[in-house]
Amino acid sequence: GGKGRVARGATRLSALSSETTTGVKRNPNLAKLGAGYLFPEIGRRRREHQEKNPDAKIISLGIGDTTEPIPKVITDALQGAAAGLNTKEGYSGYGAEQGMGGLREKLADRFYGGLGIGSDEVFVSDGSKCDISRMLMLFGADTSIAVQDPAYPAYVDSSVIMGATGTLNEETSQYKNIVYMDCLKENGFFPDLSKVGKTDLIFFCNPNNPTGACASREQLQALVDFAKRNGSIIVYDAAYAIYIEDGSPKSIYEIEGADECCIETCSFSKYAGFTGVRLGWTVVPNKLKFSDGTPVNRDWNRIMTTCFNGASNIVQAGGLACVTDDGFDAMMGLVTYYKENCKLIRECFTEMGFEVYGGVNAPYVWVGFEGRPSWDVFAEILEKCDLVTTPGSGFGPSGEGFVRVSAFGNRADVEEAIMRLKDVYGK
Ligand code: MLT
């Protein structure tokens, strides 16, 4: 019958696949990865839910993906650059691997004005995530690493792939040779540095993804002092800095001594809705040196010229529009829009009696579910509300018991999501 046919087919397929292997050994570092990358895994569960419930109108407040149109002052520049490629004067081929000189200057002025950062220290790229992977290439496998726990998964996963870690301990959900800096509600989501061992690199995302916590000037000074004492380099991910509203530093270079121990990476993804357009930058100060005295900037330049051919010329024209006064005001308009979502999401969970963190200086709201496993809560919210969130434990073991609710969404969807949540959890 039909069953038998399926079984025979499956046998044939597995015999075939074993016949067609190459002699190439799988990269053992990839084999160390415990699961698929977090967001595709969430996408898979969403599709499964949709297949089971074809009529469900699923709303995603899961992956932090922007939804609102890019402001016209920026798309005009993108369009102009694209149209220009059709003309003799407007055409350009390969550009500088480090980015257009004019854009590097404007980025330095706009985001680091008065902080002593020069345009030769700013490298334009296709985004922070790609720069993070290339940073692992810069430092190599023989590098020890500390991360905030919970943290954006790219730091750990890229380190694993590079071979800088040991295997995953299934019991603790931690990789060997990574120092996990607990960021818990008990410590205000800022690590107790007196308990953190010395490592070469410290990945630090501020404002934090996923907790939405934002470190104060004093905390950042303590972090920089800690790194300097240990001879460490901080990789400071400022992807959400534009969301800071309480006067906390927006760049690590506002902190004394940071130019001797910090790389900062940032992006237009969450500033200008460039998640699909792709444009970011990384600052590597000239003062930052390896133990042998080699400037890190020189090696980063070598990595970028080898692994990258420069960000798209069209997109860099868009970036130039982002850093004009009009472009910047337009970006702030987007930030204000998503912040209103933050407020609505925060109010919703607070009214229902949940523990609520973040969502003030960051576009993520971090909601506690009384110690329930994050993946169970994620599944329940998907099942009962047709709403995608992100399980806190997906960001590291200390995220257990929380889910992250992203404020990147259309207002009508956010309002609908809130109604559905209140129906189920409002009592
Ligand atoms: C997130 O949801 O954490 C971010 O969108 C992921 C990213 O920026 O790559």
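Modeller: Domain bounds come from an automatic or database domain assignment. For this chain the assignment gives domain 1 (32-68 + 327-425) and domain 2 (72-324). The model is predicted, so local features need pLDDT of at least 70 and side-chain atom pairs pLDDT 80 or more, while totals for chains, interfaces and linings use all residues. Residues are numbered from 1 along each chain as its sequence is written, and side-chain values use heavy atoms, without hydrogens and water.

Biologist: What makes residues of domain 1 and domain 2 count as in contact?

Modeller: Contact means heavy atoms within 4.5 Å; by that rule, 36 residues of domain 1 touch 51 residues of domain 2.

Biologist: How do you know the area buried between domain 1 and domain 2?

Modeller: Buried area is the accessible area (1.4 Å probe) that two parts lose on being put together, summed over both. Here that is about 3,400 Å², with 64% from carbon and sulfur atoms. In domain 1, K32, Y37 and N361 lose the most area to domain 2, together 21% of what that side buries.

Biologist: Why is the pair E245 and K339 called a salt bridge?

Modeller: The term requires a side-chain nitrogen of Lys or Arg within 4 Å of a carboxyl oxygen of Asp or Glu. The closest N and O atoms of E245 and K339 are 2.8 Å apart, so the pair qualifies.
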